[in-house]
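User: I am new to this model and would like to learn how to read it. Could you walk me through a few features?

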Amino acid sequence: MPSGQTVTFLSDYGSTDEFAGVVRSVLRRLSPQAVVIDLCHDVPAHDVRAGAFMLARSAPWLAPGVVLAVVDPGVGGPRRGVALEVADERGLVLIGPDNGLLMLAVASLGGVRQAVELVRPPAPTQATFGSPGPTFDGRDLFAPAAARLCGGAPLTELGPRVDPGTLVRGPVLAIRREGAQVVAEVVGSDRFGNLQLAARAADVAHLGSSVVVEAGGARGRLARRVEAFGELAPGELGVLIDSSGLVALVLDRQSAARALGAGPGAPVRLGPGAGT
Amino acid sequence: MPSGQTVTFLSDYGSTDEFAGVVRSVLRRLSPQAVVIDLCHDVPAHDVRAGAFMLARSAPWLAPGVVLAVVDPGVGGPRRGVALEVADERGLVLIGPDNGLLMLAVASLGGVRQAVELVRPPAPTQATFGSPGPTFDGRDLFAPAAARLCGGAPLTELGPRVDPGTLVRGPVLAIRREGAQVVAEVVGSDRFGNLQLAARAADVAHLGSSVVVEAGGARGRLARRVEAFGELAPGELGVLIDSSGLVALVLDRQSAARALGAGPGAPVRLGPGAGT
Amino acid sequence: MPSGQTVTFLSDYGSTDEFAGVVRSVLRRLSPQAVVIDLCHDVPAHDVRAGAFMLARSAPWLAPGVVLAVVDPGVGGPRRGVALEVADERGLVLIGPDNGLLMLAVASLGGVRQAVELVRPPAPTQATFGSPGPTFDGRDLFAPAAARLCGGAPLTELGPRVDPGTLVRGPVLAIRREGAQVVAEVVGSDRFGNLQLAARAADVAHLGSSVVVEAGGARGRLARRVEAFGELAPGELGVLIDSSGLVALVLDRQSAARALGAGPGAPVRLGPGAGT
């Protein structure tokens, strides 16, 4: 590929510290021909579940190459670092901690074809202020592994093979049916306040064009099935299939999260509307 | 150009979601030789006016290539997607929704030379969780169009020509004169709390070196014309021509926005100071 | 180098304005073969000290090339712009204001080999709304200098030589010993609430595995020396050597900054624990 390898980079490092920048620097230094595509660095701190969903939602659009994902509260402890080659035709390899973060995306990409446990390179012996501690595996373990793959190393050079069956499982879409009603967890709330639910289009198809929504302890609120935000009147609640293929609760140019008082992890109950 | 095409990318996608990252991934995948320059992704949500001013302020410094701008509350509705080639010698093409977002920059770049309406490519039929809805045109419409231009396609391959006179108008500098006084709207407030006004240097030239500022309902406050922040005493209000050529109200190392209780859209009245 | 020069870019421009994006655009335009690595743009506004420590922490991992650092409350005033070549084998050149921002990193990189004062290029005469003021040296002074170095210009073409002894000094690690106790300033607080102290491993070696921590006006709180977050019980305070080699106060998956009510600049007292 003339323009070099791609490393797609997701983390919970945030923007106020140099963590993501240092990882980018390590990649640039070890693999100058690689291009880093920042997917997102504001996964809520330590929130493996949110990171797993974000990676899964993004999976169909990722460029071929390496995916470097770090949401890693167990850093420095016994959890493994892994590299997972998936069956998808793009030949993506996902690198990160073995804590479930990668697995929802892996499942959407055809599952694991080959997995290895990352062998730790020699620790940096001297940082600016002395010998650094083992709390920055993005810099010290994961980025060097990504750079080696970009440089042409085969997966099996990164470490010993791992039985995919031993990998920590990822999160699931938490949804259940109660009669005609559907109870689905809020997967996430985006910048615009749209509430993404753990429900697919098929899960709500029986509800018709009018839906009663119970969330955040409030009484049922009537919502309308729409395709786009602009179909809604001011303040009217909408139910639409969002850009990831999941059911979302939305308002036009307002925050459904604020209007409903609901956020990630909260259960939302959807039932058939009166006029259905 | 040996280092590939440039796509300058502005949006209101924010940093907490994967939206900007997915658009970068699509560009990388469809046009691996292109380089994405992130201009800003924290335009206030849905704020077409703020995005239009930001793009206009940035216009003189943009690298040749494609500008991809997405502040698009009407996504999924009838508003058009457009690509506008401007008369500027850099041959920039601006891509985004036809909602006024691009027009202030276009005007500063010599106006439209050629405009087309983007023809929608086939919708993605399968995302991770099912068939996605039409609410992410950055990913599904605008980025693919930008990639085609980077790949060498002429503008007219993206869709049918549009009469530039039919494009939605952009925002204007809201300013009026009342005797010796000038009433100008706050265009924006930056990270440092500097208040940018809808006034050019010529609009305040008659006011001299001492200016009375009325904003946020408070009584007139005396301000001094300066060239740099450091000329001001602690707490002293300053009036300077900022890096975009607009009049700004500033303090040294403090927030004028907070001190005056004013923000975007608020009217500010400037009059000649007592000693002038 | 086939993949072009690297410009590592740090600033306090934040993410809500176009400032960092415009600097990236200028670099792309003037030096299309250069690659920009964003280190961080959310240094607290005007906080030269915080930026200096961030740059110093990052220094060992930076890619060869130019470092462009802008935290510059004195912009437009008499402070100099400088380019400093350091003795480090990577041949890094650091560009920024002469206000101490660069000096802690410079010291960690072997000191200054050669320094020049940047000569200001002709000011931009026409921005979108008129002739711009002198308040954006990242765009008008520092980025053009970085681009010239990327294009192969020798350091001395950027301006006259400067005696390194005249450069404004950088911040220092503020720490003192009182008997068996150590009083160290908080250098910074990261996204996860970890409090980095102005103390190295050797400064706390005598304290043993149990440490009494006084911070934020509260009574002494017992903390335990650990190597990783996961060794701590919920709510237990830990002392570890962090990824920069400095002493940090941490909790497992919680914010030590919030728990202790302490932030940058606050003094923290560390003493031997009861059981030591």
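**Salt bridges, interfaces, a helix and strands**

Analyst: Happy to. Let us start with one pair: R57(C) forms a salt bridge with E18(A), and the closest N and O atoms are 2.6 Å apart. R57(C) sits in helix α2 (residues 48-58) of chain C while E18(A) sits in the loop between β1 (6-11) and α1 of chain A, so this pair joins two chains. Please keep in mind that this is a predicted model.

User: What is the general idea behind such a pair?

Analyst: Side chains of opposite charge can pair when their charged atoms come close. By the rule used here, the count over all chains comes to 48 salt bridges.

User: Is E18(A) buried or exposed? And what about R57(C)?

Analyst: The cut-off to remember is that buried means under 20% relative accessible area. E18(A) has 4% relative accessibility, so it counts as buried. R57(C), at 11%, counts as buried too.

User: Which residue forms a salt bridge with R191(C)?

Analyst: That is D42(A), with the closest N and O atoms 3.9 Å apart. This pair also crosses between chains: R191(C) is in the loop between β8 (181-189) and β9 (195-200) of chain C, and D42(A) is in the loop between β2 (35-40) and α2 (48-58) of chain A. Here the two ends read differently on the accessibility scale. R191(C) counts as partly exposed at 28% relative accessibility, whereas D42(A) is buried, with a relative accessible area of 13%.

User: Now the interfaces. How should I read the one between chain A and chain C?

Analyst: The size of an interface is often given as the accessible area lost when the parts come together. Chain A and chain C bury about 3400 Å² between them, with 58% of that on carbon and sulfur atoms. On the chain A side, R28(A), R29(A) and F129(A) lose the most area to chain C, together 26% of what that side buries. Counting contacts gives another view: 41 residues of chain A are in contact with 42 residues of chain C.

User: How many salt bridges and polar contacts are there between chain A and chain C?

Analyst: The rule finds two salt bridges across that interface, and there are 13 residue pairs in polar contact. The elements that give two or more residues to the side of chain A touching chain C are α1 (19-30) and α4 (137-150) of chain A. Of the elements, α1(A) gives the most, with eight residues. By type, the residues of that side divide into 16 nonpolar, 16 polar and nine charged.

User: And what does the interface of chain B and chain A look like in numbers?

Analyst: Here 41 residues of chain B are in contact with 42 residues of chain A. The area buried between these chains is about 3300 Å², and carbon and sulfur atoms give 58% of it. The rule finds two salt bridges across this interface. D42(B) forms a salt bridge with R191(A), the closest N and O atoms being 3.9 Å apart.

User: Why is helix α2 of chain B described as largely enclosed?

Analyst: Ten of the eleven residues of helix α2 (residues 48-58) of chain B are buried, so the rest of the structure largely encloses this helix. Among the buried residues are V48(B), F53(B), M54(B), L55(B) and R57(B).

User: Last topic: which strands does β14 of chain A pair with?

Analyst: Strand β14 (residues 267-272) of chain A is joined by four bridges to strand β8 (residues 181-189) of chain A, and the two run antiparallel. Within this pairing, V183(A) stands opposite R269(A). Five bridges join β14(A) to strand β10 (residues 210-215) of chain A, again antiparallel. There, G271(A) is the bridge partner of V212(A).

Technical notes
Residues numbered from 1 in each chain as written. Chains lettered and ligands numbered in written order. Predicted model: local features only at pLDDT ≥ 70, side-chain atom pairs only at ≥ 80, totals over all residues. Heavy atoms only, no water. Pairing = 2+ DSSP bridges. Buried < 20%, exposed > 50% of the residue type's maximum accessible area, 1.4 Å probe, protein only. Contact = heavy atoms within 4.5 Å. Buried area = accessible area lost by both parts, 1.4 Å probe. Salt bridge = Lys/Arg side-chain N within 4 Å of Asp/Glu carboxyl O. Polar contact = N/O pair within 3.5 Å; in protein donor to acceptor, adjacent residues only side chain to side chain. Nonpolar A, V, L, I, M, F, W, Y, C, P; charged D, E, K, R; others polar.
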